[in-house]
Amino acid sequence: MKRILIAEDEKHIRQGLKTMALRSDVPIEEIIEARNGEEAWEILKEQKTDLLITDIRMPKLDGIALVERLKELPDPPLVLVVSGYDDFSYAVSMMRNGVQEYLLKPVERKQFYDALAKLEQQVCRRASLDQDRQEQTDHAFRFLMLASSDSHECQRFLQQYREIFYPDAYIGCCATEDSVPRGREKLRIRGEDELYLYIFSAQEVVSWPAVSGRSRVYEGLENLQSCYREALWAWRMAYFGTNACIYEEREIKPLIISTEQLMSWLSLSRHTEIDRTLRSQAKMVARGNASPEAFAELCEQFIGRIMETYVNLVDPADSPERFLKVWNFETGERYLEELGRWLEKFSNRISQEFADYENKQKIREAVRYVQEHFCEPLSMTIVSNQVSMNYSLFSHLFKQYTGTNFVSYIQELRVNEAKRLLETTDDRVVELCYKVGFQDDKHFLKVFKASTGLSPTEYRRAHLRMNNGSEK
């Protein structure tokens with residue numbers, strides 16, 4: 001048992017019961033004494049108690065009235081009545097109202113020990129049932145927080161658990177398990193990425209941890225998922241920033257870099273450019289102008305491509321797969337620091353690998369030629385002949401060197417040039433399509449949208465809105 005409360009107005013009896021309890025085989029963490037029923041009631045209201053040992057005749061509030069009041073508690077204790085023979089009829093009546101054990105004064109040691117052991121078993125059974133109920137409730141809340149809200153299971157859980165959810169207006173705070181001081185939250189639910197959603201009263205003044213995200217104010221179990229999604233989004237913004245974030249709706253802009261471009265830079269040992277670009281994108285996330293999920297997906301795809309393309313160069317001891325999960329680091333800054341160090345080391349390994357390869361200069365010459373002539377009609381046959389290399393060998397080494405195939409590489413260059421022209425000129429889309437090397441405007445539109453997620457016209461409008469907004 002964690003806590004026993006002894007309510008007895010006679011001091012020597014009260015202390016005798018306490019001594020016997022401590023000498024029993026029942027594990028007890030704490031025993032509290034009360035001199036009368038009123039004092040006992042105040043303690044019971046404030047502290048969860050496993051067992052109440054009480055006399056019947058006490059000043060201010062007797063044992064009968066005290067036991068009757070236990071019905072007001074959300075989790076009342078078990079009750080052992082210790083009373084004189086004259087109060088036997090009262091004790092029988094009390095046992096009908098939920099009292100578990102009754103002992104006559106003077107209390108015999110063996111009877112007391114037997115009663116305590118019996119009550120300890122009941123406490124353990126009750127705790128087990130309470131734990132089962134709590135686990136079921138936690139499962140239901142987590143399911144409602146993460147699952148599709150229109151599923152049959154969600155509707156069933158909403159009906160079953162709506163009444164026991166926090167009844168007032170609340171705010172969700174997303175944070176790691178150890179970062180929020182325990183005790184003040186109304187509810188805690190395990191979420192994704194080793195994070196927890198803490199539910200606080202909307203009126204509560206809380207000292208928020210540095211890396212945490214807060215939702216807007218909500219009410220009701222049916223809004224738990226929206227609360228969590230907002231808090232998680234805000235946490236991911238804070239992960240790349242310096243302060244706790246509060247969710248607010250903002251205009252989300254697409255990332256300005258692709259996996260192909262990162263792979264291209266890596267093949268050219270431009271790891272510093274990779275690091276600088278990733279950090280600039282992380283700052284956009286911290287300001288709420290870019291999607292945290294899009295940034296995490298970019299990093300995951302980049303690392304995945306490295307492990308796939310350079311399978312013979314990746315050292316498993318370096319554990320590059322740890323960078324597949326952006327949110328598993330202490331902060332976004334720590335993730336970028338460690339990734340930057342790893343990329344520098346790996347970039348040097350790639351350079352060393354190609355240093356001994358006789359065709360390195362030819363591939364470099366081919367890449368340079370493509371970068372200078374991509375606006376012209378080009379094919380792999382033309383470029384491989386330009387550097388005097390066998391077509392099949394050129395195809396293999398070009399992909400190994402750049403991290404992508406010839407067609408994807410040249411399309412990326414053309415799309416980037418098209419983006420520049422859309423931002424800096426008034427050329428019609430059909431005109432700049434041919435300027436950047438595409439021979440078919442429909443093909444250009446398809447490739448551009450696949451790369452940026454926007455049509456050329458939409459991209460130009462978005463750029464104009466962004467510039468107009470920054471000028472204000």
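A word on terms before the strands come up: two strands count as paired if DSSP finds at least two bridges between them. Also, this is a predicted model.

With that in hand, take strand 7 and strand 8. They form a hairpin with four residues between them, and in the turn Asp 193 has a positive phi of about 55 degrees. The two strands run antiparallel and are joined by four bridges.

Strand 8 has another antiparallel partner, strand 6, covering residues 170-176, with seven bridges between the two. There, Cys 174 stands opposite Leu 197 of strand 8.

Is strand 8 buried or exposed? Seven of its seven residues, 195-201, are buried. Leu 195, Leu 197, Ile 199 and Ser 201 point one way, while Tyr 196, Tyr 198 and Phe 200 point the other way. Both sets are buried.

Now the whole chain. It has 18 helices and ten strands. The radius of gyration is 35 Å, well over the 23 Å that the globule rule gives for 472 residues, so the chain is more spread out than a compact globule. The C-alpha trace spans about 115 × 50 × 40 Å along its principal axes.

Buried residues make up 45% of the 472. The accessible surface is about 25,200 Å², and carbon and sulfur atoms hold 47% of that.

Last, charges: there are 64 positive and 75 negative, and their mean positions lie 2 Å apart.

Technical notes:
Residues are numbered from 1 along each chain as its sequence is written. This is a predicted model: local features need pLDDT of at least 70, side-chain atom pairs count only at pLDDT 80 or more; totals for chains, interfaces and linings use all residues. Side-chain values use heavy atoms; hydrogens and water are left out. The radius of gyration is taken over C-alpha atoms; the globule rule is 2.2 Å times the number of residues to the power 0.38. Buried means under 20% relative accessible area, exposed over 50%, partly exposed in between (1.4 Å probe, protein chains only). Accessible areas come from the Shrake-Rupley method with a 1.4 Å probe; for residues, only the protein chains shown count as cover. Lys and Arg count as positive and Asp and Glu as negative; His and the chain ends are not counted. The place of a charge is taken as NZ of Lys, CZ of Arg, CG of Asp or CD of Glu.
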